[in-house]
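Here is a friendly note to read alongside the model. Please keep the 3D view open and find each residue as it comes up.

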Amino acid sequence: MAEKKYRQEIKRLLPPAQRLLLEQRIRAVMPPDIHSGSDGSYTIRSIYFDTITDRAYAEKEAGISEREKIRLRFYNCQDDLIKLERKEKRGNLIYKASMTVSKETADAMMQCDFSSLPDYRNPLSDSIYAMALSECLRPVVVVDYVRKAYTFPLGHTRITFDSALLSGSPEIPIWTPEGGSDVLGEDTILEIKFNQYLPEHISRLLNSVSAQRMALSKYVLCRNNLLWKQGSFLGGRLLHL
């Protein structure tokens with residue numbers, strides 16, 4: 001089995017003025033991601049799954065360093081590329097395992113039917129299937145946002161600006177652009193990913209704005225928003241009803 005190659009991940013929350021200034025500077029030295037649309041952006045919809053005990057949610061809220069999240073992800077509300085992913089976290093280090101699945105598999109997973117996963121004969125789908133059986137995975141929140149991404153080859157550096165963050169119930173029709181509930185207003189989540197080191201000229205640009213590093217989780221932000229709307233969130237604790 002190949003050794004997992006973890007990457008560094010840093011997140012910051014940017015108000016509109018800082019986002020505008022920093023993106024102008026980043027755009028001057030980093031090309032946009034090849035998947036960007038005509039306006040330089042694309043939309044992402046992620047459906048997060050959690051166990052019957054909400055293990056991923058509880059571990060993040062408790063500040064546990066080593067944890068994982070399971071999600072389905074697709075782009076621009078299209079079903080031609082659907083990814084099943086497990087994102088592992090160790091402090092500021094991340095590792096993402098990803099594979100493509102069919103629309104039929106994704107639809108079944110939304111109904112808590114994971115029976116097609118063993119057919120893929122993939123270590124990732126096998127491990128998620130085992131988790132589904134042992135810990136009762138189920139979809140818990142839909143996360144939508146608009147991403148602008150920039151890349152640089154040294155350090156496999158990737159800078160993303162994620163805005164218009166929305167949370168929605170997993171009961172919505174996931175293949176239509178039905179809007180969710182606004183989570184961050186006009187603020188933007190800046191994500192900085194790289195391998196062993198961040199190129200110095202990019203580091204200087206990132207340090208030219210005063211936004212502090214933050215432990216931001218789109219899953220927890222959107223889950224909290226949804227739980228608050230449902231009346232299942234009180235004092236930072238998830239109430240199992």
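**Notes on strands, rings and spaces**

1. Strands here are DSSP runs of E with at least two residues, helices are runs of H or I with at least four, and both are numbered from the N terminus. This is a predicted model, in which local features need pLDDT of at least 70, side-chain atom pairs count only at pLDDT 80 or more, and totals for chains, interfaces and linings use all residues. Residues are numbered from 1 along each chain as its sequence is written, and side-chain values use heavy atoms, with hydrogens and water left out.

2. Now follow the strands. S6 and S7 pair in the antiparallel sense over ten bridges (two strands pair if DSSP finds at least two bridges between them). They form a hairpin with four residues between them, and Gly155 in the turn has a positive phi of about 70 degrees. S6 is also joined to strand S2 (residues 42-50), again antiparallel, by nine bridges. In that pairing, Thr43 stands opposite Val146 of S6.

3. Is S6 mostly covered or mostly open? It is mostly covered, with twelve of its 15 residues buried. Buried means under 20% relative accessible area, exposed means over 50%, and partly exposed lies in between (1.4 Å probe, protein chains only).

4. How many aromatic pairs does a search of the whole structure find? It finds seven. Rings of Phe, Tyr and Trp (its six-membered ring) pair if their centres lie within 6.5 Å; planes under 30 degrees apart count as stacked, over 60 as edge-to-face and the rest as tilted. Tyr57 and Tyr219 are edge-to-face because their ring centres are 6.4 Å apart and their planes are at 85 degrees. Tyr57 lies in helix H2 (residues 55-61) and Tyr219 in helix H6 (residues 218-230), so this pair ties together parts that are 162 residues apart in sequence. Tyr57 is buried, with a relative accessible area of 3%, and Tyr219 is buried too, at 1%.

5. Another edge-to-face pair is Tyr150 with Phe161, at 6.1 Å centre to centre and 85 degrees between the planes. Tyr150 sits in strand S6 (residues 138-152) and Phe161 in strand S7 (residues 157-168), eleven residues apart. Both Tyr150 and Phe161 are buried.

6. Look again at Tyr57: ring pairs link it with Tyr48 and Tyr219 into a cluster. Arg223 lies over the face of Tyr57, at 5.5 Å from the ring centre. Likewise, the charged end of Lys218 sits over the ring of Tyr145, 4.7 Å from its centre. A charge sits over a ring if NZ of Lys or CZ of Arg is within 6 Å of the ring centre and within 35 degrees of the ring normal.

7. Finally, the spaces. On a 1 Å grid over the protein atoms alone, a cavity is a set of points where a 1.4 Å probe fits but cannot get out, while a pocket is an open set with protein on both sides within 12 Å along at least five of seven lines; lining residues have an atom within 4 Å of a point. The largest pocket is lined by 32 residues, and Arg73, Tyr75, Lys96, Arg147 and Arg158 lie nearest its centre.
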